[in-house]
Amino acid sequence: MTEQERGRTPEQRQAPRAPEPREVPEPREVPEPREVPEPREVPEPREVPEPREVPEPPQISEAPEAREAAEAREVPEPPQVSEAAEVPEATAMAEARETPPVAEPLSHKVLMSLLGAWALSACSAEETALVEAHLTECAPCADEALRLRDAVGLLHADGNLDLDPLLRSRVLENALGRRPARVPVPGWAAPYDAETARLDALLRDIGDAEWHAPVRLKWYENEGTVSRRTTVAGVIGHLMTVDGLVATSLGLDDPLGADAPAHPTERTEGFWRAAKPPPTRTIHEPWREQSHTLIRTVSFAGRGVAELSVSYGFFALPLRDALLDRAFECWVHGADIAEAVHYPYKPPSSGHLHEMIDLATRLLPAALAIRRRGGLAAPARELVTAGSPGRSLHLEIEGAGGGDWFIALDSPAAVGSRERSVAQVALDGVEFCQLVAGRVSPEDAAAGQDGDREAIRDVLFAAATMSRL
């Protein structure tokens, strides 16, 4: 019994009691904060997620754990990773393709097998880098690479599309060596055949406009150089008119007609005056047909035709020498045309050049006698009977067509002699021919001189005066 019950009467103790204070102590038994579970289910950090408001990837990648893992894997620095994360996936893949992968090293045997492809520039970028790195370390492979690269340079060399003018002569020579022709071209006519073929090849290669290109013809006259301006077509007309002298000696038609003059210069001047309008490339075929006719005629004519006389108006030559003279002039004027149209043109073959030089040396004593009669050369010192050795000049020709010739100084009928030589002149073969053609002055022609200076001067000037239009 409690103290409160002791102080009450039995009636009071039996009376009902108010249980409210004991049974419903609301404030203490069910406090509202405990009955509401919201704070526990949705805590404040989840309702206001501040980390999600500013959760930049660079901050996450900069975490100590991420940095340690990145350093352990040797990956790019965190800023580079963040930039890659911001770039679209397609761009990242393109950049990955542009960066060449690091190629694995290859063995010496494999690298050596790639040298041929490397020389041909057929290797990939990775293979090229590996091969070139290997060449800096391996001397044998480097030598082999240089050899292969030089060979490739020969394979890719720029080729000249122009046919060699001597191709026809070489083909004919090879063909005749295998099976002789039924009617072969005489040996003394071969230089004319070769030079007309070379000039024909040049003319077929130039354009229509180049037939009107200016050409200046030169020759030596009256102690000086004389020139005449014409065109490519005019030069071919000049060759055709002078070749007409050989044609008439064989009984063929003269391109200028029956009453044409016999002097080469007069024939050319008459043709140029009558050619109105000026000749064009239409002159090519008549000239070429005439040269073919001359070669065909002398080939069928027989042996005696070689000594047939061909008149040049003021002198005459046997047919064999006349065709050699025409071959010489065809070469000289072919070089004039080639220079005018900027075309390469080589000298004749060594054998043909030798024959042309020999003809000039045989004509030199007569040219010297003509100058002596005109007071342009020193008088004769020792006259001898015809056919006897006399005072001579030793002409030494060097290079292509070279040889030794002895020029009689005092009489055209004398014979040149080594024992009677009083002077010596050394000249290149092509330069001597240019002197005879009037393309080089006598003062500039001699490469070497020794002995009688007067004899040397007379012979050099006589050689220059043999030139003509």
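Helix 24 (residues 429-436) lies across strand 5 and strand 7 (421-428). Its direction runs at about 100 degrees to that of strand 7. Helices here are DSSP runs of H or I with at least four residues, strands are E runs of at least two, and both are numbered from the N terminus. Angles run from 0 to 180 degrees between N-to-C directions, with axes fitted to C-alpha atoms, for helices over the stretch in contact. This is a predicted model, where local features need pLDDT of at least 70, side-chain atom pairs count only at pLDDT 80 or more, and totals for chains, interfaces and linings use all residues. Residues are numbered from 1 along each chain as its sequence is written, and side-chain values use heavy atoms, without hydrogens and water.

Four strands form an open sheet in the order 6-5-7-8, with mixed pairing; two strands pair if DSSP finds at least two bridges between them. Strand 6 (403-408) and strand 8 (448-451) stand at the edges with a single partner strand each, so one side of each lacks a neighbour in the sheet. The twist averages 15 degrees from one strand to the next.

Strand 5 (residues 392-398) pairs with strand 6 in the antiparallel sense, over six bridges. I397 has G403 in strand 6 as its bridge partner. Helix 23 (residues 350-373) packs on the sheet and touches strand 5 and strand 6 (contact means heavy atoms within 4.5 Å). Its direction makes about 15 degrees with that of strand 6.

Elsewhere, two helices pair up. The axes of helix 19 (residues 232-249) and helix 22 (residues 319-340) come within 11 Å and cross at roughly 175 degrees.
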